[in-house]
Amino acid sequence: MTKNPLRRLALAAAIVSLSSGLAHAGPLPGAIFTTNADGSIVNGNTKYLSKCGLTGVWLDGGPPVNAPSTAAGLPDGEYYFQVTDPSGKKLLSTDPVNNRCVTIQSGIMTKNCDAPAPGPGTHNTAASVDAGGGVVVELCPYLDTPNNGGVYKAWMTPVGDFAGDATKVDNLCGNGCFHGFVPASSKTDNFKVKDVRTFCIAAHKDIIDAKGGVTPAADWLISIQGPLGDTTDLVTDEKGDVQLCVLPDGFYTVSETLKTGTTIFATQVDGVSKTPSTSVVVQLKYGLKNDTSTVIFTNTACTDKC
């Protein structure tokens, strides 16, 4: 048995390669770069206004904008990605490795990996305007960097070169290996986020009774759908309130679910009356941190059948 730790690491990587696809021979050609949600900027750094969402940081694995379609393309195949601090020692990605899986075809990132092997690849993708088309993939979810300068590092490695168990979030893989990613067979790109600007949406629910009295409505379902289609369901407290925070900018749909015996009477957004509706769209815009947009739904209790 060899006592050389680097040889043990190479042997372990070879074993993983046999079980999850062919490894890339030699240094990995091509390049990766961070971009925005449509791939129109390259290594934006201070142009990234948030970590996540439409103003957040996305990853591209092909030629940048205005480059030939053959420029900087990665070899075809399936790749894992991760986010760390700039040293690589601190893993910031928080979901299993096989969730962070994308496919390269003709040097262009085209989609999440196919299930069931090597993994589902469940990160958001969006159409890219770069050469050759393709998609970009959202790096979130990942933690804030501990780096004092606010620097992060994005990694991509071929599935066959990954040294670990892709069903786990983190992998201890020895010296010269970072959470299953070996630098010699990986591409990296450092990035910064200008400012993690986030917002809140508050919703309030009132009921007008048969005598015209207005009381807050507790235990009422309020749903908030984000710009990427994700929905959060909340239930009002005894004061008729809900609140959802740490939201990136964008358009959100706030909805209430009518209960039997009630009908919608009035809807307000930030103090402005809207056409009465159980669903309203609000836009979160940049300003101070934790700006809050407030929606008020007012229902009436039906005296007759609603």
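**Disulfides and salt bridges in a predicted model**

Modeller: Lys-51 has a relative accessibility of 10% and counts as buried; the term buried means under 20% relative accessible area, exposed means over 50%, and partly exposed lies in between (1.4 Å probe, protein chains only). The model is predicted, so local features need pLDDT of at least 70 and side-chain atom pairs count only at pLDDT 80 or more, while totals for chains, interfaces and linings use all residues. Residues are numbered from 1 along each chain as its sequence is written, and side-chain values use heavy atoms, with hydrogens and water left out.

Biologist: With which residue does Lys-51 form a salt bridge?

Modeller: Side chains of opposite charge can pair when their charged atoms come close. The criterion for a salt bridge is a side-chain nitrogen of Lys or Arg within 4 Å of a carboxyl oxygen of Asp or Glu. Lys-51 pairs with Asp-144, with 2.8 Å between the closest N and O atoms. The two residues are 93 residues apart, Lys-51 in the loop between S1 and S2 and Asp-144 in the loop between S7 and S8. Asp-144 is exposed at 51%.

Biologist: How many salt bridges does a search of the whole structure find?

Modeller: The search finds four. Among them is the pair Asp-95 and Arg-100, at 3.2 Å from N to O. Asp-95 is buried at 8%, and Arg-100 is buried at 0%. Another salt bridge joins Lys-111 and Asp-114 at 3.3 Å; Lys-111 is partly exposed at 33%, as is Asp-114 at 40%.

Biologist: Is the disulfide of Cys-200 and Cys-245 left-handed or right-handed?

Modeller: The torsion about its S-S bond is about 110 degrees, so this disulfide is right-handed. Cys-200 is in strand S10 (residues 199–208) and Cys-245 in strand S14 (residues 241–247), 45 residues apart. Cys-200 is buried at 5%, whereas Cys-245 is partly exposed at 29%. By contrast, the torsion for Cys-52 and Cys-140 is about -65 degrees, so that disulfide is left-handed.

Technical notes. Disulfide = S-S within 2.5 Å. Helix = DSSP H or I, 4+ residues; strand = E, 2+ residues; numbered from the N terminus.
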